Amino acid sequence: MSKLTFPILQRLADGQFHSGEALAKHFKVTRATIFNALAHAQTLGVALFSVRGRGYKLPQPMIFLNQDAVLQSIGEQREWFHVLVLDELPSTNTYLMQLASKGAAHVTCVATHLQTHGKGRRGRTWVSQLGASLTFSLLWRFQCGASALSGLSLAIGVALIRAFEDLGLQHAQLKWPNDVLVDGKKLAGILIELQGDMEGPSAAVIGVGINLNLPKEVLNSIDQPAIDLANVNNGQLVNPNMVLGTVLKHIANCLQQFEQDGFAGLRDEWLRHHAYNQQAVRLLMPNGVETHGVVQGVAEDGILLVETAFGLQRFSAGEISLRGAS
Ligand code: ATP
């Protein structure tokens, strides 16, 4: 990894041509060093035009995450937050879990331009790309123990719905336990990891991945229908700083509500946005068994209630994936 790759890309972010000579002069290195650093960018999935006599250019302008811009988007509550923006990380959750165990402050957020080994539940992968995805994690410390945090991941789903509404996207929905869908396709995923005692105190690392403007071939490579914000925004460039600031503000508000009333206080709002309420579904168990039934809502601890051939059954989030019946 060249140390210069990200600084050069930030210089190219305006979408204009920059000559190798001008870049070399700016960074006080040789043109070969610039060439090598940009060759590395291409291995990270960045499309780059290189034209003899004109230089290098990104196909379109790219907005990089920037700590001040994120804090500005958070608004009045910005003082609660410690925001770190890093160029590249394997996983923001793994990194923040490590920081948390070394005593990182309540309401620390780690965001990265490039997450190389994004995690989903049960060892699955979260796909993201430089300049096309928002990937971050937030540390929230609770007085209560981990055993009192059931429903937390559903509460974060409500926060994302509120944030997307704030950003002008009115028809996002939730899929139990916490995926965000638009037109039945996955726009965002949430992965929560916990630290601490069952009796308390505890800490949650809340990881969120949001698709901003993934290339078609990347969207198509995902093994379930996926969509990005640019798609629902008429192809317009999405500002990741504004998205991150808005999402963080709503997560903090929801978590305060959650601390006070648990998921019970957010349940009705969650249900209003559930894509599968009263719908026939399949529930996929890790051992390959499928259960069919009709969704009857969720309990006050986030457990999914499904009317099956054996009566009303309760499913907890840990191991199960929900799919439409067809
Ligand atoms: P499911 O989505 O099947 O109910 P899950 O909630 O366990 O399961 P997550 O752990 O949230 O899924 O996310 C991992 C899954 O999401 C991957 O297995 C893949 O199907 C899908 N996925 C991975 N990257 C993306 C992405 N960028 N956009 C949309 N979906 C993705």
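**Labels and their cut-offs**

Mentor: Val107 is buried, with a relative accessible area of 2%.

Trainee: Why is Val107 called buried?

Mentor: Buried means under 20% relative accessible area, exposed means over 50%, and partly exposed lies in between, with a 1.4 Å probe and protein chains only; Val107, at 2%, therefore counts as buried. Val107 sits in the loop between α5 and β4, where helices (H or I, at least four residues) and strands (E, at least two) are DSSP runs numbered from the N terminus. Although Val107 is not a glycine, its phi is positive, about 65°.

Trainee: Is Lys28 buried or exposed?

Mentor: Lys28 has 75% relative accessibility and therefore counts as exposed. Lys28 lies in the loop between α2 (20–27) and α3 (31–43), and it too is a residue other than glycine with a positive phi, near 55°.

Trainee: How should I treat the numbering and the source of these values?

Mentor: Residues are numbered from 1 along each chain as its sequence is written. The model is predicted, so that local features need pLDDT of at least 70 and side-chain atom pairs count only at pLDDT 80 or more, while totals for chains, interfaces and linings use all residues, and side-chain values use heavy atoms, with hydrogens and water left out.

Trainee: What makes the protein chain as compact as a globular protein of its length?

Mentor: The protein chain has ten helices and 16 strands. Its radius of gyration, taken over C-alpha atoms, is set against the globule rule, 2.2 Å times the number of residues to the power 0.38; the value is 21 Å, close to the 20 Å that the rule gives for 326 residues, so the chain is as compact as a globular protein of that length. Buried residues make up 52% of the 326 residues.

Trainee: How many residues in the lining of the largest cavity are charged?

Mentor: The lining of the largest cavity holds eleven nonpolar, five polar and no charged residues, where Ala, Val, Leu, Ile, Met, Phe, Trp, Tyr, Cys and Pro count as nonpolar, Asp, Glu, Lys and Arg as charged, and the others, Gly among them, as polar.

Trainee: What lines the largest pocket?

Mentor: The largest pocket holds about 630 Å³ of space and is lined by 36 residues, with Gly120, Arg124, Thr125, Trp126 and Lys186 nearest its centre. Its lining divides into twelve nonpolar, 15 polar and nine charged residues.

Trainee: Which domains contribute to the lining of the largest pocket?

Mentor: At least three residues come from each of domain 2 (67–271) and domain 3 (276–324), the bounds being those of an automatic or database domain assignment.

Terms used:
On a 1 Å grid over the protein atoms alone, a cavity is a set of points where a 1.4 Å probe fits but cannot get out, and a pocket is an open set with protein on both sides within 12 Å along at least five of seven lines; lining residues have an atom within 4 Å of a point. Grid points are joined across faces, edges and corners, and a volume is the space filled by probe spheres set on the points.
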